[in-house]
Amino acid sequence: MTIIAPAAFTTWADMRSRVLRKAPECPGFRIDDALKEAANEFFSTSCVWRMLRATLLTTVADTTDYAYTPPTNGEVNRVHSAWDGTDELDVMLPGEEDDSEPDDETDQFKVGCRPTNTLYLSHVPVTAGNVIAGTLSFKPSVAAVGIPTEAWTLWAEEIACGAAAMLVTEPLKPWSQPSTYAFLRGRFDEGIRDASISAGPTRRRPLRVTPL
């Protein structure tokens, strides 16, 4: 199951009580910080929050970068598939743009994303007006007030464990419990794996192997 166009969001404040059970006496503002870090890792790794068959961009001649407006509380995480009409395009993962030559002009390009909410093409497009559609995943934005309620309903305990794992290793605090870190982190990792499986594949086209 992927999370598409979430109708409601659970706020950081509404999530605190689950974390507080695992990190007693931790102040609310610090719990919120840990929840934001945990949520960012959860969504950026699992890619469970997505938009399918969205219009990614419309090509402009001699332009490789395009601003994208994400949904409420979201920030673009990754491009998973891209289509130019009926032609499927390759997508780039972070770092793969280093292999491209952006000064080349062609309509046989790849599509990727970079911070913040910017989609880009591997090569300068020759033709203007090509509508590129595809699938994106999202993570919480810096200004997000919370996460999709669907995700909290399914993985509340795991996300709370992820936040608590960041807190219990803080030294000389009332909530310091380093011995619980391995358990908490393990539950969090299990939640990420479960969400990843639930979301399904994150890359359609096979990776190309460079010949030796």
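Modeller: Start with one term: a contact means heavy atoms within 4.5 Å. Keep in mind that this is a predicted model.

Now go to Phe 42. Leave aside residues up to four places away in sequence, and Phe 42 touches Cys 47, Val 48, Trp 155, Ile 159, Phe 188, Gly 191, Ile 192 and Ala 195. Phe 42 belongs to the largest nonpolar core, a set of 53 residues. Together with Leu 56 and Leu 119, Phe 42 has the most contacts inside that core. Which helix gives the most to this core? Helix 3, residues 149-168, does, with twelve residues.

Follow Leu 119 next. Leu 119 sits in strand 8, which covers residues 118-121. Leu 119 and Leu 121 point one way from the strand. Thr 118 and Tyr 120 point the other way. Are these four buried or exposed? All are buried.

Strand 8 has partners. Strands of a sheet pair through backbone hydrogen bonds, either parallel or antiparallel. Strand 4, residues 65-67, pairs with strand 8 in the antiparallel sense over three bridges. Here Leu 119 is the bridge partner of Tyr 66. Strand 7, residues 111-114, also runs antiparallel to strand 8, and four bridges join them. In this pairing Cys 113 stands opposite Leu 119. The hairpin of strand 7 and strand 8 has three residues between the strands. In that hairpin, Asn 117 takes a positive phi near 55 degrees.

Stay with Cys 113 for a moment. It is buried, at 14% relative accessible area. A disulfide needs the two sulfurs within 2.5 Å. The count of disulfides comes to zero. Cys 161 is buried too, at 1% relative accessibility.

Five strands form it in the order 1-3-9-5-6, with mixed pairing. Strand 1 (3-4) and strand 6 (87-89) stand at the edges with a single partner strand each, so one side of each has no neighbour in the sheet. Further in, strand 3 (residues 49-58) and strand 9 (residues 131-140) pair antiparallel over six bridges. Ala 54 stands opposite Gly 134 of strand 9.

Finally, look at the charged pairs. Side chains of opposite charge can pair when their charged atoms come close. The whole structure holds ten salt bridges. One of them joins Arg 185 to Glu 41, with the closest N and O atoms 2.5 Å apart. Arg 185 lies in helix 4 (residues 181-199) and Glu 41 in helix 2 (residues 28-46), so this pair ties together parts 144 residues apart in sequence. Glu 41 is partly exposed, at 25% relative accessible area.

Another salt bridge links Glu 158 and Arg 187, at 3.4 Å from N to O. Glu 158 is in helix 3 and Arg 187 in helix 4, so parts 29 residues apart in sequence are tied together. Glu 158 is buried at 16%, whereas Arg 187 is partly exposed at 22%.

Arg 187 also meets Glu 190 in a salt bridge, at 4.0 Å from N to O. The two are three residues apart in helix 4, which means about one helical turn separates them. Glu 190 is partly exposed, at 42% relative accessibility. Elsewhere, salt bridges that share partners join Arg 18, Lys 22 and Glu 157 into one network.

Key. Residues numbered from 1 in each chain as written. Predicted model: local features only at pLDDT ≥ 70, side-chain atom pairs only at ≥ 80, totals over all residues. Heavy atoms only, no water. Buried < 20%, exposed > 50% of the residue type's maximum accessible area, 1.4 Å probe, protein only. Pairing = 2+ DSSP bridges. Core = buried A, V, L, I, M, F, W, Y, C linked by side-chain atoms within 4.5 Å. Salt bridge = Lys/Arg side-chain N within 4 Å of Asp/Glu carboxyl O.
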